[in-house]
Amino acid sequence: FAEDIGLAFVPEYEFVDLYLNGEYAGLYQLCEKVEISESRLNIYNLEEETRRANLRALETYGTIETEKFKYHNINNNPDDIARGYLIQLDFSGFYLDEPSWIITDGNQPFAISSPEYVSKEQLAYIRGFLGEFEEALYSDSGVNSKGKSYLDYIDLDSWAKKYLLDEVFVNQDAEWSSEYFYLSEQDGSIKLFAGPPWDYDGALGNYSASGNVVCLNPKTLISLWRGEYDANYRSWYGELYKKAAFHSEVTKLYKNTLKPYLSELLLSGMEEYGGRINASALMNQIRWYDGEDIKRAQNAIDDALDYAEGYLSDRVAFLDALWIDNTRYYTVSFNGLQDNLYYKYSVRSGQTIEDVPLPLEPDGFAGWYYKDTDIPFDRTAPITKDTQLSAKWNLSLLSWARHYYLIIPIIFI
């Protein structure tokens, strides 16, 4: 799909039946790594040029690390250090283990994947570029103090396509982890491109966590929620979605390119896809879950495919209403313990919410209240604006700890 809509590089993959020392170990996906090379992401290779400019191996140079960045005291830089950067967004904290990384002025943490060992000058360049971009993006006018628009810094086409890939298929890692971007030249200018795509195992509702189950709901915008209510973090996707040029490009691409593809996928594509790997999936299910009970294993596979098809069908119906029919929706957000976003719904203007999420362990749960008030949420009231709710608890210390780790919903759309 990502390749069909024109993203520059999409890793190739194959499903494989893995055997270790003659013993069957399950069904796995074998895929290419995301890296800069002539056969993969084919852009200027700044890392290779930096290696050529230095006599010593880059990894042997000393390291400078602060709370905001990590770079290396590399002696020489190539003449061109304005392009050839591959960066990976990573809120999971793994970026701290990488040789080079940066936290932007907008508190976006990135591992610098290439050059893996970045010089002081290269770090300064990428830091400055991202800082100027964020200043423009976060401003109401979309223009920074240098008079440059956010559109001067990004390739709009790749950003709209990558956002749609994340949003339509509900990538729970969107704006959290495994999100790549790269700097390359376009028509004489340096632009930040979105992609290549990577790590979509938690898509189409295949995700749950005790503290956040937003991605289980097919009827709300997913990729915009990161940091929606966190003053210390402003989502790139969220800010872009407010901009007319980006929003227009997204809706145009969805209607003209994605909608026909999704219709075909729901009509027969998912069944065909499932059929191609069914035998291997059955072997995997028996190996890891159901022993020799073949019927039970096949039923589990069929149920999973039915779930994915139903989830995508609900998803497409919601996005059609939003982006093709221009239906007005408001967001109702449920913030749990420590006021973290726990779940949210998109509700048509003037309608009431269908269901309200509840904690699995209700001990001490006092209900949902309008944020920063003592007024209980009225689920019978029509929704006419974005609404934030907070959970109130009457908990002992032991109950608080149990709820903090175990709160999950028992009702969701």
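**Exercise 1.** Determine which residue of S13 is the bridge partner of Ser 333, and describe how S13 is paired and covered.

*Solution.* In S13, Ser 333 has Gln 388 as its bridge partner. The strands concerned are S10 (residues 329-335) and S13, which pair in the parallel sense over 4 bridges, where two strands pair if DSSP finds at least two bridges between them, and where strands (E, at least two residues) and helices (H or I, at least four) are DSSP runs numbered from the N terminus. Strand S12 (residues 365-370), by contrast, runs antiparallel to S13 and is joined to it by 5 bridges, with Trp 393 in S13 as the bridge partner of Phe 365. Strand S13 itself (residues 387-393) is mostly covered, since 5 of its 7 residues are buried, buried meaning under 20% relative accessible area, exposed over 50% and partly exposed in between, with a 1.4 Å probe and protein chains only.

The model is a predicted one, in which local features need pLDDT of at least 70 and side-chain atom pairs count only at pLDDT 80 or more, while totals for chains, interfaces and linings use all residues. Residues are numbered from 1 along each chain as its sequence is written, and side-chain values use heavy atoms, with hydrogens and water left out.

**Exercise 2.** Work out the strand order of the open sheet of 7 strands, and explain why one side of S3 and of S9 is left without a neighbour.

*Solution.* The order is S3-S4-S6-S7-S5-S8-S9, with antiparallel pairing. Strands S3 (63-65) and S9 (189-194) stand at the edges with a single partner strand each, and therefore one side of each has no neighbour in the sheet. On average, neighbouring strands of this sheet are turned by 25° against each other, direction ignored. At the S3 end, a hairpin of 3 residues joins S3 to S4, the two strands pair over 3 bridges, and Glu 65 stands opposite Lys 70. Strand S4 is joined in turn to S6 (residues 101-103) by 2 bridges, with Phe 69 opposite Ile 102. Further along, 6 bridges join S5 (residues 85-90) to S8 (residues 177-186), and Leu 86 has Tyr 182 as its partner in S8.

**Exercise 3.** Identify the residues that cover each face of strand S4, and characterise the surroundings of Ser 114.

*Solution.* In a regular strand the side chains alternate between the two faces of the sheet. In S4 (residues 69-72), Phe 69 and Tyr 71 lie on one side, Lys 70 and His 72 on the other, and all are buried. Ser 114 lies in strand S7 (residues 109-114) and counts as buried because its relative accessibility is 6%. Neighbours within four places in sequence aside, Ser 114 is in contact (heavy atoms within 4.5 Å) with Ile 36, Glu 47, Gly 84, Tyr 85 and Leu 86. With Glu 47, the side chain of Ser 114 makes a polar contact of 3.4 Å, a term for a pair of N or O atoms within 3.5 Å of which, within protein, one must be able to donate a hydrogen and the other to accept it, residues adjacent in sequence counting only if both atoms are side-chain atoms.

**Exercise 4.** Describe how H3 and H6 pack.

*Solution.* The axes of H3 and H6 are 11 Å apart and the helices pack at an angle of about 130°, axes being lines fitted to C-alpha atoms, for helices over the stretch in contact, with angles from 0 to 180 degrees between N-to-C directions. H3 is therefore oblique to H6, since angles under 35 degrees count as roughly parallel, over 145 as roughly antiparallel, 65 to 115 as roughly perpendicular and the rest as oblique. Tyr 163, Leu 164, Glu 167 and Val 168 in H3 meet Leu 312, Arg 315, Leu 319 and Trp 323 in H6.
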